[in-house]
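Visitor: I would like to go through this model term by term. Please set each value against its cut-off.

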Amino acid sequence: MSVLRKRDKAVAPPDRDSRLVWRIAALLIDYPNAQLTVMLPELRAAAASLPAPAGPALVSFVDHAASSTGSVLAQHYVETFDLRKRNCLHLSYYAYGDTRKRGMALLRFKHAYRAAGVELGEHELPDHLAVVLEFAATADPEAGRRLLVEHRPVLEMIRLSLADGGSPYLAVLDAVCATLPELSAADRRKIATLAAEGPPEEDVGLEPFAMDASLHPHAESGGRR
């Protein structure tokens, strides 16, 4: 893949450790399946090579996953991320809900991927955290990190919600957030606003954005959950 990158001179490029954290986290935060179970020993070894706090956090979740049966872990995933809006892994949802503006936000993600030569599957939602992390780890680390930093308040909202619920997935979000800059004053104001207002209600007239099935969170099975 040939990728043309615009380097931000004010920010050092993501290092190998950050990219490895993102790659492991992308696999762990996706819907658990049999393939993940097979990969857990390899993921644990890779996580153990990473420095604190991200490395130990990922190891702790891998150990939890390894001690759980596949069905139990899958059920917990559904209960945590599919049935609780506060834990929604679609990064544009917190800010835009299912509104016209969210459709435009999703297109921005897709344009970033296309600029790096990446095309998503038909039912892949471009703002799902697992997709963004995989993109940042393997395709364009600088563009991927910009997306993560841009949505840092949303990541923090998810992290705090997982902490409130006592979910072991908190460790994965802790690891991801450890690779990003500290929350700024603007980030904290945004978090307060998101917490107080929640996602916007649905706008009237979303039909112009219904032509692309990958823009809908309830697309047919085969994409991210």
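Guide: Start with two rings. Both Phe61 and Tyr169 are buried. Keep in mind that this is a predicted model.

Visitor: What makes Phe61 and Tyr169 an aromatic pair, and why is it called tilted?

Guide: Their ring centres are 4.6 Å apart, and the limit for a pair is 6.5 Å. The planes stand at 40 degrees. Stacked needs under 30 degrees and edge-to-face over 60, so this pair is tilted.

Visitor: Why is the pair of Phe61 and Tyr169 said to tie together parts of the chain?

Guide: Phe61 belongs to helix H3 (residues 54–67), whereas Tyr169 sits in the loop between helix H9 (152–165) and helix H10 (170–178). Those parts are 108 residues apart in sequence, so the pair ties them together.

Visitor: How many aromatic pairs are there?

Guide: The structure has six. One of them joins Tyr31 and Tyr77.

Visitor: Why is the pair of Tyr31 and Tyr77 called edge-to-face?

Guide: The planes meet at 90 degrees, with the centres 5.6 Å apart. Tyr31 is in the loop between helix H1 (16–28) and helix H2 (34–48), and Tyr77 is in helix H4 (residues 70–82). The pair therefore ties together parts 46 residues apart in sequence.

Visitor: Are Tyr31 and Tyr77 buried or exposed?

Guide: Tyr77 has 0% relative accessibility, so it counts as buried; the cut-off is under 20%. Tyr31 has 28%, so it counts as partly exposed.

Visitor: Which residues do ring pairs link into a cluster?

Guide: Tyr31, Phe61, Tyr77, Phe81 and Tyr169 are linked in this way.

Visitor: How do you know that Ser161 is buried?

Guide: Ser161, in helix H9, has 7% relative accessibility. Buried means under 20%, so Ser161 qualifies.

Visitor: What makes the link between Ser161 and Asn87 a polar contact?

Guide: The two side chains make it at 2.4 Å, and the limit is 3.5 Å. Leaving out residues up to four places away in sequence, Ser161 touches Arg86 and Asn87.

Visitor: What describes the packing of H1 and helix H7?

Guide: Their axes come within 8 Å and cross at roughly 145 degrees. The crossing is left-handed. Contact residues include Trp22 and Arg23 of H1, and Leu133 and Glu134 of H7. By class, the contact has seven nonpolar, one polar and three charged residues.

Conventions. Residues are numbered from 1 along each chain as its sequence is written. This is a predicted model: local features need pLDDT of at least 70, side-chain atom pairs count only at pLDDT 80 or more; totals for chains, interfaces and linings use all residues. Side-chain values use heavy atoms; hydrogens and water are left out. Helices (H or I, at least four residues) and strands (E, at least two) are DSSP runs, numbered from the N terminus. Buried means under 20% relative accessible area, exposed over 50%, partly exposed in between (1.4 Å probe, protein chains only). Axes are lines fitted to C-alpha atoms, for helices over the stretch in contact, and angles run from 0 to 180 degrees between N-to-C directions. A crossing is left-handed if the near helix is turned anticlockwise from the far one by less than a right angle, and right-handed if clockwise. Contact means heavy atoms within 4.5 Å. Ala, Val, Leu, Ile, Met, Phe, Trp, Tyr, Cys and Pro count as nonpolar, Asp, Glu, Lys and Arg as charged, and the others, Gly among them, as polar. A polar contact is a pair of N or O atoms within 3.5 Å; within protein, one must be able to donate a hydrogen and the other to accept it, and residues adjacent in sequence count only if both atoms are side-chain atoms.
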